[in-house]
Amino acid sequence: MSFGVPLLLPVAALLLLAAGLGYRAAVRRRRDVTLRLSTSVTAPAHRHRNPGLRRHLPYLLFLGALAVLLFGLARPTATVPTLRTAGTVILAFDVSNSMSADDVTPSRFGAAQEMARAFVQDQSDSVDIGVVAFGQGGFTTVQPTNDHAEVLAAIDRLHLGGATSLGQAILTSLGTIAGRTVTLPRTDAAAGDQTPVTAPPTGIGYRADATIVLLSDGENTGGPDVQAAAQLAAAAGVHIQAVGVGTDQGAVIGVDGYQVATALNAEELMELAKVTGGSYYPLADASQVAGLASALPLRTQVAGRPVELTGLATGAAMLLLTAGAVLMIRWHGRVV
């Protein structure tokens, strides 16, 4: 327990001590007066009996109320254990030139941005969200954070250019989760070493609470091996939820003065999602992907939540004051 104004505690102790001593002195004076009167005036025997509980209990309740009020003035705060769900989500955006195609409305890139905004706004502040942009390479624009306004601003700042590397998208996303650069393990290609990755990569550990939401048209044009990168994510317990942006019919875009045909490669996205135990979601006309949020593997943890006890102390003091006043009126006919 902590206190917002700890200096009030010794002051409160002194006030209570003074009140207690004052009450004790008042009781002694009253006893002395009673004894003096009893020597000069004949009174019934029952008048000399010590009233005990009836005399002192109301005043003790008043002193208790004062103690609780002074305790509340020090603004006590207790840490209360509470259950909360938490997790990490990396929004990996394909920002290659092919995402400018308009076979979905308003464009593949615009539809992906709208879907991502809606997804972020639906998440609680216990979910940390990061943003990765990838083309031929990949870079982190926002580290995982529960400041979702910052995430939304990062989504709005993204712009298009370059080719597409799905493998680099996965590696950069894993690096963002781990907080360090992640690369594929070296293999002996000459010896035909194609051993799949089965152990969590060094520096990441097992992160079953983390998810990569990959928004892309699936047209991979090079870079690190996609399947090997997906196996690396699976070994770390990271699911990839792939969101396919575009249509099978595709569209034609202009790149550096050339007309280039581009279409959705759903099979590529399905396969890499399957490797990690994730799912594939087709996106059309910027509509929200149903079921994506519920697929997040959030973890439940116990977290301490600070709760100020001033209100509770005030309520307890009022109850003590009320109880003391009621007993005083009932037993003595007045409140003094």
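**Figure 1. Salt bridges in the predicted model.** A search of the whole structure of this predicted model finds four salt bridges. One of them joins the side chains of Arg108 and Asp103, with N to O at 2.9 Å. Another pairs Arg108 with Asp217, whose closest N and O atoms are 2.9 Å apart. This second pair links distant parts of the chain, 109 residues apart. Arg108 lies in helix α3 (residues 108–121), and Asp217 sits in the loop between β5 and α6. Through shared partners, Asp103, Arg108 and Asp217 form one network.

Figure 2. Asp103 and Arg108 are both buried. Arg108 has 0% relative accessibility, so it counts as buried. Asp217 also counts as buried, because its relative accessibility is 0%. A further salt bridge runs from Arg207 to Asp209, with closest N and O atoms 3.1 Å apart. Asp209 is buried too, with a relative accessible area of 11%.

**Figure 3. Helix α5.** Helix α5 covers residues 166–178. Its 13 residues should span 18 Å at 1.5 Å a residue, and its end C-alpha atoms are 18 Å apart, so the two agree. The helix is mostly covered, with 11 of its 13 residues buried. Among the buried residues are Leu166, Ile170, Leu171, Leu174 and Ile177. Just after α5, Gly179 adopts a positive phi of about 80°.

**Figure 4. The largest nonpolar core.** This core holds 30 residues. Leu174, Ile212, Leu214, Val238, Leu269 and Leu272 touch the most other members. Elements that each supply at least two residues include β2 (76–94), β3 (127–134), β5 (210–216) and α7 (266–275). Helix α5 gives the most, with six residues. In soluble globular proteins, nonpolar side chains tend to be buried together.

**Figure 5. Surroundings of Ile212.** What does Ile212 contact, leaving aside its neighbours within four places in sequence? Its partners include Ile170, Ser173, Leu174 and Ile177. Ile90, Ala92, Val238, His239, Ile240 and Gln241 are also in contact with Ile212. A second, separate core of 27 residues includes Val89, Phe93, Phe119 and Ile155.

**Figure 6. Confidence along the chain.** The mean pLDDT of the protein is 81, and 77% of its residues reach 70 or more. Among the elements, helix α4 (residues 148–157) has the highest mean pLDDT, 96. Strand β10 (residues 299–308) has the lowest, 64. Over residues 45–50 the pLDDT stays under 50, and the model has three contacts there beyond four places in sequence. Residues 188–192 are also below 50, with one contact in the model beyond near neighbours in sequence.

Notes: Residues numbered from 1 in each chain as written. Heavy atoms only, no water. pLDDT = per-residue confidence, 0-100. Helix = DSSP H or I, 4+ residues; strand = E, 2+ residues; numbered from the N terminus. Contact = heavy atoms within 4.5 Å. Expected span 1.5 Å × (residues − 1). Buried < 20%, exposed > 50% of the residue type's maximum accessible area, 1.4 Å probe, protein only. Core = buried A, V, L, I, M, F, W, Y, C linked by side-chain atoms within 4.5 Å.
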